[in-house]
Amino acid sequence: MAQTARNTVKSVERTFRIIGGLQELGGAGVTELSTHLDLPKSTVHNYLSTLEQEAYVVKADDEYRIGLRFLEHGAYARNQSQIFEIARPELDRLANETGELCNLLVEEHGKGTYLYRTRGENAVRVKEHVGNRVCLHSTALGKAILAHCSEERVDEIIDRHGLPETTDRTVTDRDELFDTLAEIRERGVAFDDEERLSGLRCVAAPVLSNDDRVLGAISVSGPSHRFEDDRFREALPKRVLETANVLELNVTYS
């Protein structure tokens with residue numbers, strides 16, 4: 001269940017509903033967007049006109065789409081993360097060595113946000129991109145982060161966002177999830193065995209500060225037919241842990 005702030009500003013809430021609606025529809029006209037959001041056309045038009053004036057949306061013919069000004073804010077926010085610049089070259093190296101897709105995820109407001117993705121020569125193409133937000137329980141990256149959060153914090157996240165199922169392998173039981181997190185702490189890595197996307201496996205490790213705060217998680221992802229047996233359970237976990245260790249040292253001494 002989402003948290004409700006006190007004394008919210010309704011116009012701000014509506015602005016972000018309209019921006020979210022444009023993203024969900026991949027661009028839309030006033031009528032389509034008003035129907036999608038169940039808002040009056042005149043209201044939607046006024047908000048869109050204001051957002052266009054401020055360069056946050058672009059109008060082409062009769063359709064509006066999200067503008068590139070949001071990229072300015074997103075790039076700024078990403079560059080504020082201590083781990084981003086430190087992780088990027090090491091993940092590039094890991095992607096080149098494994099040939100697979102490598103990722104950096106951080107937690108904010110109880111969800112995971114992809115800060116960086118880099119592709120080796122054999123990497124699969126998935127729809128998710130930098131900036132995508134995902135539920136933590138259904139990814140190896142997210143579980144690696146949750147494993148190093150307090151039990152109270154994990155409960156808060158579950159209460160806020162639930163444990164939605166994305167495939168028939170997603171962990172959707174609270175007790176089972178806590179058992180899984182305990183196993184991750186013990187072995188140091190987290191696995192995603194087609195729990196978020198069918199046919200995709202992932203190995204992840206947390207990146208911790210020198211006072212054991214979890215800064216984020218890194219992973220290697222690939223198709224199940226290439227992530228089998230020893231490669232999935234032994235070789236890739238070893239490389240991911242080595243990379244996470246390098247990042248932790250760089251964070252400590254940067």
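In this predicted model, helix 5 (residues 82-98) and helix 9 (residues 229-253) approach each other so that their axes come within 10 Å and cross at roughly 150°. An angle over 145 degrees counts as roughly antiparallel, and helix 5 and helix 9 are therefore roughly antiparallel to each other. The crossing of helix 5 past helix 9 is right-handed. On the side of helix 5, the contact is made by Gln-82, Ile-86, Ala-87, Glu-90, Leu-94, Glu-97 and Thr-98, and these residues meet Arg-231, Leu-236, Arg-239, Val-240, Thr-243, Val-246, Leu-247, Asn-250 and Val-251 of helix 9. Sorted by class, the residues of this contact between helix 5 and helix 9 comprise eight nonpolar, four polar and four charged.

The part of the chain at residues 69-253 carries the feature "domain: IclR-ED" in UniProt, where the entry is unreviewed.

Strands of a sheet pair through backbone hydrogen bonds, either parallel or antiparallel.

Over residues 9-68 the chain is 62% helix and 13% strand, with the end C-alpha atoms 25 Å apart.

Helix 1 (residues 10-25) packs against helix 2 at an angle of about 110°, and the axes of the two helices are 10 Å apart. That angle makes helix 1 roughly perpendicular to helix 2. Here Arg-17, Ile-18, Gly-21, Leu-22, Glu-24 and Leu-25 of helix 1 meet Glu-32, Leu-33, His-36 and Leu-37 of helix 2, and by class this contact of helix 1 with helix 2 has five nonpolar, two polar and three charged residues.

Helix 2 (residues 30-37) also packs against helix 3 (residues 41-53), in this case at an angle of about 115° and with the axes 9 Å apart. Helix 2 and helix 3 are therefore roughly perpendicular to each other, and helix 2 passes helix 3 in a right-handed crossing. The residues in contact are Val-30, Thr-31, Leu-33 and Ser-34 from helix 2, together with Lys-41, Val-44, His-45 and Leu-48 from helix 3. In the contact of helix 2 with helix 3, four of the residues are nonpolar, three are polar and one is charged. Leu-33 of helix 2 takes part both in the contact with helix 1 and in the contact with helix 3.

The remaining elements to follow are strand 1 (residues 57-60) and strand 2 (residues 63-66), which pair in the antiparallel sense over four bridges. Strand 1 and strand 2 form a hairpin with two residues between them, and Ala-60 stands opposite Glu-63 in strand 2. In the turn of this hairpin, Asp-61 has a positive phi of about 55°.

Note on methods
Residues are numbered from 1 along each chain as its sequence is written. This is a predicted model: local features need pLDDT of at least 70, side-chain atom pairs count only at pLDDT 80 or more; totals for chains, interfaces and linings use all residues. Side-chain values use heavy atoms; hydrogens and water are left out. Axes are lines fitted to C-alpha atoms, for helices over the stretch in contact, and angles run from 0 to 180 degrees between N-to-C directions. Angles under 35 degrees count as roughly parallel, over 145 as roughly antiparallel, 65 to 115 as roughly perpendicular and the rest as oblique. A crossing is left-handed if the near helix is turned anticlockwise from the far one by less than a right angle, and right-handed if clockwise. Contact means heavy atoms within 4.5 Å. Ala, Val, Leu, Ile, Met, Phe, Trp, Tyr, Cys and Pro count as nonpolar, Asp, Glu, Lys and Arg as charged, and the others, Gly among them, as polar. UniProt positions are given in the numbering used here, feature names are shortened, and annotations may be inferred rather than shown by experiment. Two strands pair if DSSP finds at least two bridges between them.
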